[in-house]
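Please look at the sequence and the structure before reading on.

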Amino acid sequence: MCVRSLLKTALAVTAVAGLSLASVASAVAQESTLIGDEPGKAFRLWYDEPAPDSDEGWANRSIPMGNGYMGLNVFGGTDSERIQITENSLYGKMEARGFRRGGLNNFAEVYIDFGHGQARDYERELNLNDGVSYVKYKHGGVEYSREIFASYPDKVSVVRLRASKAGELSFTLRPTIPFLGEDKSGSVEAKGDTVTLSGVTHQFNVQFEGQFKVIPQGGSMKAKGGTITVSNADSALILIAVGTNYKLDPKVFLTENESEKLDGFPHPHAKVSGYIADAAAKSYEELLANHQADYSELYDRVSIDLGAEEPSVTTDELVDAYPEGPSSRYLEELAFQFGRYMLICSSRPGTLPPHLQGIWNVYERPPWASQYLHDTNVQMAYAPVFSANMPELFESYVDFFKAFEPRQRLYATQYVKEFNPSQLDPEGNNGWSGPFWANPYHVPGRSIVAGFGTGGWIGQMFWDYYDYTRDETLLEETVYPIMYEQANFASRFVQEIDGALLARPSSSPEQKVRDTVGTTFDQQMFYENHHNTLTAAKILGRDDERLSVYERQLPLLDPIQIGKSGQIKEFRQEEFYCDFSDNLDPHHRHTSMLLGSYPGQLINDTTPAWLDAVKKTLTLRTRKSHIGWARAERIAFWARVHDGDEAYLFFQDLLGGNFLHNLFNDHRGGPLFQADGNYGATAGVAELLLQSQDYVVSPLPAVPSAWPDGSYRGLLARGNFEVSAKWADGQASQFEVVSKSGGTLELRYPNVAQAAVKTAAGRKVDVNSRGRDRVSIETVKGQTYVFTKIPPYAPVAAPTELAVAEGRAKDQIKLSWTASEDAASYNLYRAVGNAPTYERIASDIKGSEFLYKASDLKQIGQMTLKVTAVRSDGRESSDGATAIRLLP
């Protein structure tokens, strides 16, 4: 048993024995020096007043909770508690267009009236470590408290109300149905100990029901109309269950008549009643234990500690003070874990996946209908699911995809017939096409707003599901068939143009130049999916019919074009950055031409010329976009080019400019909540701390200088390696890698070849060194490998400001640069045209000028030149100065 498990057991014993939690935790922790066995840091959001009872209060101050089946927003009032409930299938009337076009509806507004207008010593909090929210205050000489949690295993939310004095708890439970009208009808009825709220939204004939069961201890209870009043009780439980007649079934997406999509699906009364009955048969302690066992099994896998102490100020003050406040580092830690918390709340097997607002919506007409947008927003929701070690939460999207895939197969046949009919399979075997937006009832046809590369991006998510878990059954039964059929569509859709296979029509997400040819977005996503499909086929030993087609097509998909500014082109007709159309936004929130670097794997440390082009593109894109998710995505982009300090600027922009007082991401002001920025922040921080896109596990690849000391536990790398790390003064002191599937571990970190490597039990491990900065280990499934005594290193300062001038002859150019203070000499490299790698063309250069002579200079239209510094100990700078040379 690991020490963390021992600690949980010991802490449970303290509740009976009355021991000090701190003393038990300290004693248990002393049994191990492993990072992986250290208890997680405590994180909470807390406030000294209730959230305002308004839409702005909902977005800015309410506490979000959820279990996949429902989302809650808890306001914490004393005169009246307000709990707003969302159920992700409750769709109302939708209009064709518009920012607020209808769509997802507010399920219920639940009020618990106490009449405690004058309260003191007020405090409310959300404890991330146990997934429970708390309210406590004093009124009339009595301390009142509430605990609220949303339980996934029991499919209910639980509210416990208590008073410090017997007989002093009185309240009225008052659930209501918001936005009743032409498209939504319903009623609320109280009978015995239960209030039942039921009705229908008429466009899709969604039948809905919520039940609220009151279980008081002591006192009396009376049902009247749609309310239940409890008088003079000692304590009480309120159990909440909700449901609709919605079912994830291909029929929903294939049925054209909106009012018939749910025909034949049962009314939710039986299942909601079952949830309530099952929960009511358990004690509060059993319900809480079930919830915490489920929640902590996910949440406790990962911890982060950047050295911050828990602040004494409330969370709203913490947010307002960022980044100047003394506890700003705590907010950075908190934001990372809050994104994980939100994904646990909103993406559970058997439930709908998180939409633009996750699982939370207070409106009749939410922003963009709370839909699923596949040109970044869905992918941002799941960006941390693998790296932050919660892969099973992706099952929610797997089920959703399987339900709408048959509709996408019909679209695929339609589009191949329309755009490339010579490749059409008349029997309909044309794969599936990628959607742009979707909701639980409808996936429309193609949109010119985003290209067909959305399908390849979905395929990338499925590949990652396998790649991080290495579950070959999952690969064979789910992942491979989905990727294979996406490649089937792409292989029939692309057309031979100028020696390449290009998408036509093609769009780069949400740029205003549309229906063009071969955008980088489409080409990269098609390439990634073809490549991953072929890799999966080799793993499984498959010889399916079209694999040879994919293999022949792969090099012709031409996923990277380098422009004359040194950028990765977004459009093939682009020469200098964003130069060919006034309709292009050079600071656009979407950076779709870089998806091969993140979340894709096409661009990595084995393609250094492309990495430099990514950095140049990011620099040209600037920091001008204030969109929350875009800032979050840039954290990850900059992390992938190993610039932690630039990534950190975007993290600060996000926390300081977009995070609201309850840590909800404000998309663009209003406030306008959108959950993707929260999920993306977590993913971005994970990329700063661990990467593995080239199948080399790289701990601490881009740690900002603002985080000189810290540790993390449990992040997940490709190959199903669970990684923990500790560092001080910017230097790693310990790594731990748990091999969860066995196989070869490749690990990269400066001077790691000189580290001591042992198992957790202290046995020495055979290590193969691949230079000073990389090692290889043949691992055993279940074994933990501990790296210590890692020698410190000093990075080599890179030269800057490389300048290129033409020489006197056509076969020579003059180079000059600003010298590096660390350089004993310099190396010079070139990458011709769109080449992914550099070739070294000169070494041991003394001084900061060089005349480069080569006979082919007069034939090369474009090349990227790069100069790096070499220190006297032979270590080369990881970065360098680059410049583009164009043929005069």
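Which residues lie nearest the centre of the largest cavity? They are Tyr 382, Ala 383, Asp 464, Tyr 598 and Pro 599, among 18 lining residues. This is a predicted model, in which local features need pLDDT of at least 70 and side-chain atom pairs count only at pLDDT 80 or more, while totals for chains, interfaces and linings use all residues. Residues are numbered from 1 along each chain as its sequence is written, and side-chain values use heavy atoms, without hydrogens and water.

**Cavities**
- A cavity is a set of points, on a 1 Å grid over the protein atoms alone, where a 1.4 Å probe fits but cannot get out; lining residues have an atom within 4 Å of a point.
- The structure holds 10 cavities of 30 Å³ or more, the volume being the space filled by probe spheres set on the points.
- The largest cavity contains about 220 Å³ of space.
- Helix H11 (453–469) is one of the helices that supply at least two residues to this lining, and H11 gives the most, with five.
- The second largest cavity contains about 90 Å³; among its 14 lining residues, Arg 446, Ser 447, Ala 450, Gly 451 and Phe 452 are the closest to its centre.

**Nonpolar cores**
- A nonpolar core is a set of buried (under 20% relative accessible area, 1.4 Å probe, protein chains only) Ala, Val, Leu, Ile, Met, Phe, Trp, Tyr and Cys residues joined through side-chain atoms within 4.5 Å.
- The largest nonpolar core has 218 residues, and Ile 85 and Phe 787 are among those with the most contacts inside it.
- A second, separate core of 19 residues includes Leu 802 and Met 863.

Key
Buried < 20%, exposed > 50% of the residue type's maximum accessible area, 1.4 Å probe, protein only. 1 Å grid on protein atoms, 1.4 Å probe; cavity = no way out; pocket = protein on both sides within 12 Å on 5 of 7 lines; lining within 4 Å. Helix = DSSP H or I, 4+ residues; strand = E, 2+ residues; numbered from the N terminus.
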